[in-house]
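Subject: Structure for your review

Dear colleague,

Please find below the structure that I am handing over to you.

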Amino acid sequence: MIADALEHIVRGIVDNPDDVKVRSKSGRRSETLEVHVNPEDLGRVIGRSGRTAKSVRTVVNAINDGDHVRVDVIDTDRRR
């Protein structure tokens, strides 16, 4: 449910909403939500000095009733 809410929020920010994908991973201490967007939209999701990303994280943690959720914006240009 929280991943669906995050995807809805990010789709409203980007120019290419069909390219938005949110993947959930469970870690030792908390859940991690990975946000994948079109490389052209990466700057829109992060925002100036990371303000947009920080705001999205705040909203997601508020929706999740105080349980900490980590939100990572994944750089799709990075090769592993």
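This is a predicted model: local features need pLDDT of at least 70, side-chain atom pairs count only at pLDDT 80 or more; totals for chains, interfaces and linings use all residues.

Residues are numbered from 1 along each chain as its sequence is written, and side-chain values use heavy atoms, with hydrogens and water left out.

Helix packing

Two packed helices are described by the angle between their axes and the distance between the axes. Here, helix 1 (residues 2-13) and helix 3 have axes that come within 10 Å and cross at roughly 150°. Helix 1 is therefore roughly antiparallel to helix 3. The term applies to angles over 145 degrees, whereas those under 35 count as roughly parallel, 65 to 115 as roughly perpendicular and the rest as oblique. The axes are lines fitted to C-alpha atoms, over the stretch in contact for helices, and the angles run from 0 to 180 degrees between N-to-C directions. The crossing of helix 1 past helix 3 is right-handed, meaning that the near helix is turned clockwise from the far one by less than a right angle. Helices (H or I, at least four residues) and strands (E, at least two) are DSSP runs, numbered from the N terminus.

Salt bridges

Five salt bridges are found in the whole structure; the criterion is a side-chain nitrogen of Lys or Arg within 4 Å of a carboxyl oxygen of Asp or Glu. For exposure, buried means under 20% relative accessible area, exposed over 50%, and partly exposed in between (1.4 Å probe, protein chains only).

- Glu 7 and Arg 11 pair at 2.9 Å, N to O. Both residues belong to helix 1 and are four residues apart, about one turn of the helix. Arg 11 counts as partly exposed because its relative accessibility is 30%.
- Asp 15 and Arg 44 form a salt bridge at 3.6 Å, N to O. This pair links distant parts of the chain, 29 residues apart: Asp 15 lies in the loop between helix 1 and strand 1 (21-26), and Arg 44 in helix 2. Asp 15 is exposed at 53%, whereas Arg 44 is partly exposed at 41%.
- Glu 34 and Lys 25 meet at 3.4 Å, N to O. Glu 34 is buried, with 11% relative accessibility, and Lys 25 is partly exposed, with 41%.

A loop residue with positive phi

Most residues other than glycine have a negative phi. Ser 49, although not a glycine, has a positive phi of about 55°. Ser 49 sits in the loop between helix 2 (42-46) and helix 3 and is exposed, with a relative accessible area of 73%.

Surface patch

Met 1, Val 59 and Ile 63 make up a nonpolar surface patch with about 310 Å² of accessible area together. Patches take residues with over 30% relative accessible area and no salt bridge, joining like charges within 9 Å and nonpolar side chains (Val, Leu, Ile, Met, Phe, Trp, Tyr) within 5 Å. Accessible areas come from the Shrake-Rupley method with a 1.4 Å probe, and for residues only the protein chains shown count as cover. Ile 63 lies in helix 3 (residues 51-63) and is partly exposed at 34% relative accessibility.

With kind regards
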